[in-house]
Each structure stands twice: as structure tokens, then as C-alpha cells.
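Please consider the following points with the sequence and the coordinates side by side.

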Amino acid sequence: MAERDPVDQARADLLVAVGIVALATAYWLAADAIPSSPLSGTVGADGLPKTLAWVLGGLAALLGARAAATCRRLGPPARPDPVVRAEARRRHLRALGMLGLGVGYVLVVPYLGYALAVFALGVGTALYNGAPRTWRLVAGGAVGAALFYLLFVQALGIPLPAGVWPGVWKGVFG
Amino acid sequence: MSGLEHAWHALTTTPAVFAAFGGVMWGILGGALPGISPSIAMALLLPFTYDMAPIPAIVLLASTYVGAEYGGSIPAILIRTPGTNAAAATTIDGYEMHRQGRGGEALGISLVSGVIGGLIGLAVLVLLTKPLASVALLFTPPAYFSLGILGLSVIASLSSGSLIKGLMAGALGLMLATIGTDPVSGVSRFTFDQPELLDGIRFILVMVGVFAVSELFVQSGLPAWEKAGRGESRIKLPSFALLKRLRRSQLIGSVIGTFEGCMPGAGGSIAAFLSYNEARRWSRRPEEFGQGSPEGIAAPETANNTVAGTALVPMLSFGIPGSNSTAILLGGLLIHGMDPGPMLFTRHPDFVYGLFGGLLVANLSLFVIGILVLTPAIWLVNRPKPYLLAAIYALVFSGVYSIDHSLFDIGIVLAAGCVGYLMRLLGFPFLPLVLGLVLGYLIEANYRRSLLLTGGDHVVFVQDPVSLGLLIAALLFVVGSATRDFREARRRAREREAGAGG
């Protein structure tokens, strides 16, 4: 990732510090809810988590203080370059799209089954990243999915999800 | 049984030899792909080692590391894009040689230097690991706790400019390690009524997510890399006269690689650049550096392959991973129930010597496989990036599902990928997170066991001489790294002020 403007970085650090303090607080509260046990010993099951929450909160406060000092010292950030900003936004959106493809795979694989879902994932990811829409893409996706199926299901014996197809098969052909 | 017999037994009775071949091959192909670092190539393999026996599994991962260090030099030389961070120094003279029509020669120098560096690294590994591990029997629960703290102190040198962020990442890793069943009382913590979390979060899922998936997210927004010419798939091995000329730079590379590899946190990239500089300083033809000097390839390539062996010294002796790649290896060891550290030699000598034997095969076979795999590696680098990203994404999901047959695991990998992406974006180092996650159990379990034995008296950690020594070492490590960072920050500030002033 490209190097950032120091003031921009400090502002991001300030936001991160606030977020991490919130996370540390939530973690401390969750640790406080851990049931006590007579087997826990002198420290208890919540001992380390609570210490970690304090450490993390303290470090976040330090980061925030340092970031605030940097912002004060360097003054307001340089006027953001709209091209750079648009490029950064484009990259984050692309990453988000990749995440969406992954989440989509997790959601559809129980229904479509492994072979079809991995085909959809492969073709979808390639298209999303700029592969041309040609029959070669579909053929390549089908060959890839078949190879993955042969490797994982047939050769390695992994019971990957079969989807709704066994039920459909049974319904149609008894 | 002697070490040699153990190694021979492992090589002849397990598929370790095939694992070494396969690992080197996969490593070269993975390393040749820009963006796929050795640790990512290893992380992609990790799920497949789950059902393997420990020796071939770890030989496969370690051989991938060996292969990837060489593989990274292929695109560095041919398309001026280092396949791995450690190959960045090779780009300077490698690409220049390629421009002069000497690409095959540059690849040959890189391969031979890599093999030499790998063998030297392995020799150092074999010689140093056992003496360091001989303190095994002195370790008590307080010492193990302090060992974990020493491991965490490595964060200080890994945090590259922001100690606070490194420590925060380490704390986050420790927090992730607390998820699941409490190691002492057995109560469940932070499981949110999800039965999948009762056993905790597997390291492997976090590693695959943070290293591989976040890289896919990043790569999706980057333009495609250049393509290598078709006529470049022929290696030209260096002549005897050239080899004689390269001796000095290879010696420099191996000495620096040995030192840097044994130092947790240093790693192959630093070793490669230091070696390049030193080779130029000691060269009879320093003016050729940057203009296509063979020594400018030999030094960094020897150094980064030496590191591939010597980086295992602190990992095997003390269970301290000093780089992303050794952290993945450590994860692999833990998956197979091999607690790295002082007791490994005592409890599993067959495993340790089997690993050494496998690494010997990997380093020797690198020479042949490096020549054979060059054409497929160039073919792979030339594939359109969208198809490569699609294949790797499918491979990650299929491999992760294979571990536990669980879609929940894929969800964790995706979540870890998001965390990794945000960490990259905000300048947080990865390795402290992984260190915290891997060392969390060791630290907490031994801390609490120690206090159970002493009725809650913390003095035990300084009364035990080994524990005290380790804690002092950790303190020195942190203070040394913080001082270095502080000086570096002051130097930069002075430079900024001087720049602003005039």
C-alpha cells in the first residue's frame, strides 16, 4: 500500500485509537462476564483477558495521544488530491467486492454444491478482476471446477457440500 | 539411534523426499508470482498438511520456503518485479543483466547462489540447534512462561517504526488466543454460544486469512504485473571462472544470512540488502554494481537462501518465530502436536533429524528443480492476473474447508482477511498478531500453572534462574529495539527539519 501523508496517517491513527478503546472496553466487559470456577486458581479465567483489555486500551490511548500531537504539530492536512482519493476508494471497493464474492460462496455452497459453487466463484472472481466475457472463461471455469472436484472430492476424499442435487435427483428418479 | 540414522530412517520410510520435491516446486512457482510471498505460498499449503504425518508435512512447508526464496528472483530478473521481498535486492543487477541479454546467466547465478546459501544455512541449523536446545531439562513452568515473553519481545524488532502498533497487534493476537476453553479451569470464554469456537480459533485460519486472503483483496485493486518474454526460459549456469569470482560475495551473503537468520525479526530482506551493500564494498569491481554485476545477484541470493535455513534456529530451539514464514512453520508444528522449543529434541528426535534430512534433499533438489520449473514458472507469471486470483481464491476456500469440513472456518478466514487488509491499510505489522496468537496458550497456561504451584507468588518468575535469564533477555531486546527506533525517529526528524530549513 502507498505511503500516506503524515497528517492523514495521524488522523487515521486517531480514529483507530478510538475504535480500539471501544474494542478493549467491550472485551473487558465480556471478560467480566466469564463465570468463575473453583478450579481457576489465583488468577482466574478472566485474569489475562482483563489485563489484555487494560494493556490494549492503554496502548490505544498512547497511539491516540501521539496522533493528536502529530496533528497539532503539523497543522491541517494538505488539500487531498481528488485523483489519489478516488484511486484509494476504488481499491477499497475492489477489496470489498472480493469479500462479497467470498461471502457469496459461503452462502450458496450449501445449496449449489461444491462443484457448481467453485465454478461460480472462479468465473465470478475472474470476471470481477477484468477477465473478458468469452466462452473461454466459461470453459476454463468448468475445467478448473472439475479439476478442483477431482482433487478434493475424489483424490483427497473430502466430503465437500453436495448441495440440493442429491435431494432433487432422489425426487425425480426415486 | 544417531541423528544421521534418524534422518535416513525418515527419508526412507516416510514420503519426506516427495514432500521436499513438491515443496520446492510449489515454492518456486509461488515465489515467482509477484505478491505471493514465501509465507503466503506456505499458508496456502497449510490446510493440505493437516492430515499428513508430521515429518512430510513440515518438510513440505520448509521446502516451500526454500523454493520460494529462489522463485522470487525469477520475476525480479525477468520483469523487474521481485516475487518476494527478499528478492528486491536482486532486481538491481538481475534486471540490468536481463536488459543486456544476459537474463539466463543471471538466473543461473541466482540458482547456484541459492543452493550454496541453502546448504550453508542448513549446516548452521544442524550445528546450532542442538546445543541451544540442550538446556531443555532446565525448563520449568515459570521458564516456559518467560520463554513466551521472550518470544513476544521479538515484536519490538518487528514493528518497523511503530512499536505501539506492534504491541497492539501482539495484544490482539493474545486476545484471539483466549477464545475457547480456558486451559486451567475448563470454562468457556468469548465463544458466544458457538460450539465451533469451543476449541479456540485455529492459527491456520488466521494465518491463511491475514496473509493470503488479504493479499488477494489488495491485488484485486492493483494493475496487472508485466509479462516475461518467451525466449527467457533457458538458464545458463555460471562457468568455473565466474564461480571463482563470485566466491567472495557468496561468502559475504552466507555470513550475513547466518547472522540475520539467527536473529529473530531480521529476515531475508534485510540480509539481502546488507549483503548487496557489503559485496559492493568488498568487490574488486564495485563500479559494476547497478550495471549488471553478477556479484550483485550472488550476494543477496546467497543471503536470503541462507536465512531460509538459519531462521529455523530460534524457531526450533526456543519456539520463537522470527519471520512470517517461520511463524507459519511454527503453526504447522503445533498443528501436528510438535511443541517447538527446548523439549523437541528430547521428545521427537526422529522428527527433528527427519526435518534436517528433508531440508538437505530440498536444497539439493533445488538445483535440478530450479532448472526444470523455470519454464512453467514463466508460463505462470504470464497468465492473466484475473485467472490467477480466481484459482487462488478457490484453492484457499477448498483447502480451508478440508480441515474441519466447516463453512464456519471459511467465515473466520474471510474475517481474518478483512483484519489483515485493515492492518495493511493502517500500518500495523502482521507478525506480532500471529506471535500473540501462537504464544498465547504457552504464556497463559504456564503463568497460571506457576502461580498455582506457588500459591500466587510472582517471585517465582525471578527466582528460577532460566526464567530470570529469559526475562532479562526479553527486556534487553525490547530496550535495544526501542532505542534503535527512537534514534531512527530522531534522525528522520532532524532530516525533515534540515529539509524544511533549507
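**Notes on selected loops and one helix**

1. B:H405 is placed in the loop that joins α20 to α21 (407-426) of chain B; helices (H or I, at least four residues) and strands (E, at least two) are DSSP runs, numbered from the N terminus. Its phi is positive, near 55°, although B:H405 is a residue other than glycine. B:H405 counts as exposed because it has 11 C-beta neighbours inside 10 Å (buried means 20 or more other C-beta atoms within 10 Å of its own, exposed 12 or fewer, partly exposed in between, with C-beta atoms placed from the backbone).

2. This is a predicted model, in which local features need pLDDT of at least 70, side-chain atom pairs count only at pLDDT 80 or more, and totals for chains, interfaces and linings use all residues. Residues are numbered from 1 along each chain as its sequence is written, while chains are lettered from A and ligands numbered from 1 in the order in which they are written.

3. B:F192 lies in the loop between β2 (188-189) and α11 (203-220) of chain B. The phi of B:F192, a residue other than glycine, is positive and near 50°. With 8 C-beta neighbours inside 10 Å, B:F192 is classed as exposed. Most residues other than glycine have a negative phi.

4. Helix α4 of chain A (residues 114-128) has 15 residues and should span 21 Å, the expected span being 1.5 Å times one less than the number of residues. Its end C-alpha atoms are 20 Å apart, which agrees. A:G130, with a positive phi near 105°, follows α4(A).

5. The buried residues of α4(A) include A:Y114, A:F119 and A:L121.
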